[in-house]
Structures are given as C-alpha cells and as structure tokens.
Amino acid sequence: MIELEGLPELVDPVLIAAFEGWNDAGEASSAVLAHLEAEWKATPLVELDPEDYYDFQVTRPIVEMGEGLTRSITWPTTRLLVARPPGAKRDVVLLRGIEPNMRWRTFCQEIVGLCHELGIELALLLGALLNDSPHTRPVPIVGSVSDPGLARVLNLELTKYEGPTGIIGVLQHTLGHAGLQTISLWASVPHYVAQPPNPKATLALLRRVEDLLDIPMPYGELPEEARAWETGVDELAAQDSEVAEYVKELEERKDAADLPEASGDAIAAEFERYLRRRDRGTDG
C-alpha cells in the first residue's frame with residue numbers, strides 16, 4: 001500500500017474519478033478529468049505502480065521525443081491529483097487513469113486505502129456509454145448511488161443496468177462496502193457518432209457534477225465546442241438520407257418518452273444552475 005508523506009491537510013475532500021477504456025465512450029468522462037486538471041492546475045499526489053495492474057502488451061507504454069532527440073516513456077497508470085477550486089470551500093482529489101488489465105480487487109482496495117488516508121468520504125465516479133440517444137437532444141445522464149436515500153436527496157435517476165461491468169462498477173461497489181458514499185454518473189453517447197471527442201457529453205457530465213457537489217465548474221471553451229460538435233454532426237447526417245431518417249426516428253422516440261416529464265423540471269434545474277453561477281460571478 002502506498003503511504004503518502006508530507007501531504008497538506010485537505011479540507012473536506014471529495015474524489016472525482018474517471019478511467020479511459022471500456023467505461024469511456026467517446027472519451028467523454030476522461031475528458032472531464034483532463035479538463036479539470038488543466039483548468040484547476042491540479043497538483044500531483046501519487047501514482048499507482050503500473051507493473052501491478054497493466055498488461056503492457058494490451059495497454060502499451062508511449063514513447064515520446066523531447067529536446068535533443070531524448071526519448072522518454074510514459075507508462076499506463078492511474079494518478080491522483082489535488083486541487084482547491086476557485087470559490088470552493090473544499091478540496092477535490094482527481095483520480096485519472098486507464099482501466100487496469102488485471103488484479104481489479106487489489107487495485108480497488110489500494111484506492112480505498114488512499115481515500116482513507118486522504119480523509120475522503122464521498123466519491124463521484126464518471127463514465128460514458130454508447131446508447132441510441134439522438135445527438136440533437138440533451139445528453140441523458142443516469143447514475144447509481146451506494147445509498148438509496150442519497151438518490152432521493154440528489155434527485156438522481158437510477159440506472160437499472162444488469163450485465164458485464166467495468167472498473168467503475170467494481171470500484172463503486174468496493175468503496176461503498178468500505179463506508180464511503182459513492183455516486184456514479186453515466187453520459188449516453190450516440191452510437192452512430194462514437195468516435196472521440198464528444199464535448200457535448202463531457203459538458204453534460206461537468207454540469208451534473210457541479211449540481212451534485214455545488215462546486216463552481218470551469219466550463220472554458222466546452223459550450224462553444226459542444227455547439228460546434230453538434231453542428232458538425234448535423235452536417236454529416238444531412239449528407240446521408242438513411243442516417244438523417246434514423247436520427248429523426250430517435251428524436252421522435254426520445255420526445256415521446258420524455259413527454260410525460262415535460263413539466264418544467266429541466267427548465268427549473270437549468271435556471272437554478274444559472275442563478276448559482278451568476279451569484280458566484282462564473283456564469284458563462
């Protein structure tokens with residue numbers, strides 16, 4: 001187990017985690033971590049030893065060239081970083097990694113130990129999945145929690161998925177059994193535009209994180225990138241009549257399913273988010 005030394009005392013820290021790979025359709029969830037790391041200028045804490053969890057023939061290291069043709073190797077691993085978001089009263093620990101190839105139970109127990117050592121009591125795990133949602137509608141976000149009562153408090157739509165799981169599912173289960181409150185959020189990525197990036201799904205996850213944690217999130221260029229992405233997909237769909245017809249069918253199906261819930265809840269939630277960001281001076 002890694003022991004952290006010389007660590008500053010963290011204030012009510014919360015964990016936000018995402019993994020590249022099976023859990024990360026369109027790289028939408030890992031992009032949230034990359035965005036927050038850059039925007040908050042997060043400080044590295046520790047990284048797990050890749051020898052313990054990765055098959056390098058499956059997840060290969062990357063060779064990079066530096067100045068003077070010096071070569072360096074970046075190994076696949078999982079890293080923890082810490083940041084104090086501007087305007088927030090708590091610290092955020094970012095866990096950013098690649099889904100491990102082996103020893104998942106040991107991997108998750110090591111993360112549990114780090115959470116205990118850092119004083120983390122709440123973990124927010126992010127993922128993205130392929131779905132038949134149309135790209136022209138708001139990105140569906142579903143989730144699961146370790147405590148059903150917490151779902152009611154957060155007004156969180158729960159997933160009813162059963163089947164094969166990834167490291168997010170295993171980690172949530174392990175953290176919950178270790179006494180941490182855990183929430184997982186999943187963005188739906190249209191399967192007909194599965195290639196990364198998907199800034200619209202990334203932005204949707206970021207907004208939901210902001211709602212749940214009440215921490216101002218730096219949107220940066222994501223809103224503009226999301227609009228450009230949707231416009232680009234519109235143009236591609238318009239060039240293929242079969243794709244355009246399929247998108248129209250998905251839109252009609254989605255609108256019909258959402259019609260009973262069109263009571264203004266979504267508008268109210270968006271207005272509340274706007275008021276919070278305006279009061280903080282962060283509306284964008």
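The structure is a predicted model, in which local features need pLDDT of at least 70, side-chain atom pairs count only at pLDDT 80 or more, and totals for chains, interfaces and linings use all residues. Residues are numbered from 1 along each chain as its sequence is written, and side-chain values use heavy atoms, with hydrogens and water left out. Helices (DSSP runs of H or I, at least four residues) and strands (runs of E, at least two) are numbered from the N terminus. For individual residues, buried stands for under 20% relative accessible area, exposed for over 50%, and partly exposed for the range in between, with a 1.4 Å probe and protein chains only.

**Salt bridges**

- The structure contains 11 salt bridges, each being a side-chain nitrogen of Lys or Arg within 4 Å of a carboxyl oxygen of Asp or Glu.
- One of them joins the side chains of Glu37 and Arg96, at 2.7 Å from N to O. Because Glu37 belongs to helix α1 (residues 28-40) and Arg96 to strand β6, this pair ties together parts that are 59 residues apart in sequence.
- Arg137 meets Glu251 in a salt bridge of 3.8 Å, N to O. This pair links distant parts of the chain, 114 residues apart: Glu251 is in helix α7 (residues 241-258), and Arg137 is in the loop between β7 (122-131) and β8 (141-145).
- Arg137 also meets Asp255 in a salt bridge, at 2.9 Å from N to O. Here the loop between β7 and β8 is again linked to helix α7, where Asp255 lies, across 118 residues.
- Of these three side chains, Glu251 is buried at 19% relative accessibility, Arg137 is partly exposed at 23%, and Asp255 is partly exposed at 36%.
- Asp132, Glu249 and Arg253 are linked in a network of salt bridges.

**Pocket and cavity**

- The second largest pocket holds about 190 Å³ of space. On a 1 Å grid over the protein atoms alone, a pocket is an open set of points with protein on both sides within 12 Å along at least five of seven lines, whereas a cavity is a set of points where a 1.4 Å probe fits but cannot get out; lining residues have an atom within 4 Å of a point.
- A volume is the space filled by probe spheres set on the grid points, which are joined across faces, edges and corners.
- The lining of the second largest pocket consists of 15 residues, and Glu20, Thr77, Arg79, Arg96 and Ile98 are those nearest its centre.
- Strands β5 (78-83) and β6 (92-98) each contribute at least two residues to this lining, with the largest share, three residues, coming from β6.
- There is one cavity of 30 Å³ or more, and the largest cavity has a volume of about 50 Å³.
- Residues lining the largest cavity include Ser133, Pro134, His135, Arg137, Asn198 and Trp229.

**Nonpolar surface patch**

- Val63, Met65, Leu69, Ile73 and Trp75 form a nonpolar surface patch of about 520 Å². Patches consist of residues with over 30% relative accessible area and no salt bridge; like charges are joined within 9 Å and nonpolar side chains (Val, Leu, Ile, Met, Phe, Trp, Tyr) within 5 Å.
- Accessible areas come from the Shrake-Rupley method with a 1.4 Å probe, and for residues only the protein chains shown count as cover.
- Val63 lies in strand β3 (residues 62-65) and is partly exposed, at 45% relative accessibility.

**Cysteines**

- The whole structure has zero disulfides, a disulfide being a pair of cysteine sulfur atoms within 2.5 Å.
- Cys108 is buried at 0% relative accessibility, and Cys115 is buried at 1%.

**Backbone geometry**

- Most residues other than glycine have a negative phi, and most peptide bonds are trans.
- The peptide bond from Pro196 to Pro197 is cis, with omega near 0°; Pro197 sits in the loop between β9 (181-190) and α5 (199-213).
- Asp12, in the segment before β1 (14-20), has a positive phi near 40° and is partly exposed at 49% relative accessibility.
- Arg103 has a positive phi of about 55°. This residue lies in the loop between β6 and α2 (104-118) and is partly exposed, at 45%.
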